[in-house]
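These are my notebook entries on a single chain, written down in the order in which I looked things up.

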Amino acid sequence: MKTEKEKMVSGEYYNAFDPELVKGRRAAKILLHNLNVKEYRITKKAKEILAALIPNAGSGFYIEPPFHCDYGYNIFCGENVYFNVNCVVLDCAPVTIGSNVFIAPNVQIYTASHPLDAELRKTLENAYPVTIGDDCWIGGNAVICPGVTIGKGSVIGAGSVVTKDIPDNSLAVGNPAKVIRKLNQESESNI
């Protein structure tokens, strides 16, 4: 039989009040408090806190506090990932972020979802993974919804709400976000 944590990361309905999950969120909140309140500036101690909070991050990982997440251990980052101030990552399912990704202020990445049935929603929730490819830029106040994949080299415009997958090398904007053009590295380098 699967644990509630195993159900959570695999997209099945799970009980968020399971003691193991509550303990994981509490541990993350303690680290977040230390980062967001006690350290705030990125010091040696703040880097140690980040390494404990998000152990699956590559080199050059940087967060500008304040930052918020549910667990931290479900966030997987490549190299040179930058989170600007006030970002939220609800990492009930895995959040996989490639290398060389810029995440602007107030970006919200959600894996958490809830049943549409009101009775079921009283006791259970579910989560779907989010993937952001290499070399992406997520504009300020963007919202990335559960289950979305953003292809490599893509740019998400400020204030966009991404509800569906975005192909590689695309500029997507709006609510809901729509691809308005393909991005071509070669032609843009000549501008």
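This is a predicted model: local features need pLDDT of at least 70, side-chain atom pairs count only at pLDDT 80 or more; totals for chains, interfaces and linings use all residues.

**Entry 1: the annotated span**

Residues are numbered from 1 along each chain as its sequence is written, and side-chain values use heavy atoms, with hydrogens and water left out.

**Entry 2: the parallel sheet**

I traced an open sheet of 5 strands in the order S3-S6-S9-S14-S17, with parallel pairing; two strands pair if DSSP finds at least two bridges between them. Strand S3 (67-69) and strand S17 (161-162) stand at the edges with a single partner strand each, so one side of each has no neighbour in the sheet.

Which residue of S6 does Phe67 stand opposite? I found that Phe67 faces Cys87, and that 3 bridges join S3 to S6. On the way to the next strand, 3 bridges also join S6 (residues 87-90) to S9 (residues 108-110), and these two run parallel; Val88 has Gln108 as its bridge partner in S9, and Leu90 has Tyr110. I also recorded the two faces of S6, with Cys87 and Val89 on the covered one and Val88 and Leu90 on the uncovered one.

**Entry 3: strands S16, S18 and S19**

I then followed strand S16 (residues 155-156), which is joined to strand S18 (residues 170-173) by 2 bridges and runs parallel to S18; Ile156 has Ala172 as its partner. S18 is in turn joined by 4 bridges to strand S19 (residues 178-182), this time antiparallel, and Val173 is the bridge partner of Lys178. The hairpin of S18 and S19 has 4 residues between the strands, and in this hairpin Gly174 takes a positive phi near 105°.

**Entry 4: the nonpolar core**

A nonpolar core is taken here as a set of buried Ala, Val, Leu, Ile, Met, Phe, Trp, Tyr and Cys residues joined through side-chain atoms within 4.5 Å; buried means under 20% relative accessible area, exposed over 50%, and partly exposed in between (1.4 Å probe, protein chains only). The largest core has 41 residues, of which Phe67, Phe83, Ile109 and Ile150 touch the most other members. Helix H3 (residues 44-53) supplies the largest share of this core, 4 residues. Apart from this core lies another of 9 residues, including Met8 and Tyr14.

**Entry 5: aromatic rings**

A search of the whole structure gave 4 aromatic pairs, a pair being Phe, Tyr or Trp rings (for Trp, the six-membered ring) with centres within 6.5 Å, stacked with planes under 30 degrees apart, edge-to-face over 60, and tilted for the rest. Tyr62 and Tyr82 are stacked, at 5.5 Å centre to centre and 5° between the planes; they link distant parts of the chain, 20 residues apart, from strand S2 to strand S5. Tyr62 is partly exposed at 28%, and Tyr82 is partly exposed at 26%. Tyr71 and Tyr73 form a tilted pair, at 5.3 Å and 40°; Tyr71 is buried at 4%, whereas Tyr73 is partly exposed at 24%. Phe61, Phe67 and Phe83 form one aromatic cluster.

Ser99 lies in the loop between strand S7 (95-97) and strand S8 (101-103), and the side chain of Ser99 reaches the backbone nitrogen of Glu79 at 2.9 Å.

Key: A polar contact is a pair of N or O atoms within 3.5 Å; within protein, one must be able to donate a hydrogen and the other to accept it, and residues adjacent in sequence count only if both atoms are side-chain atoms.
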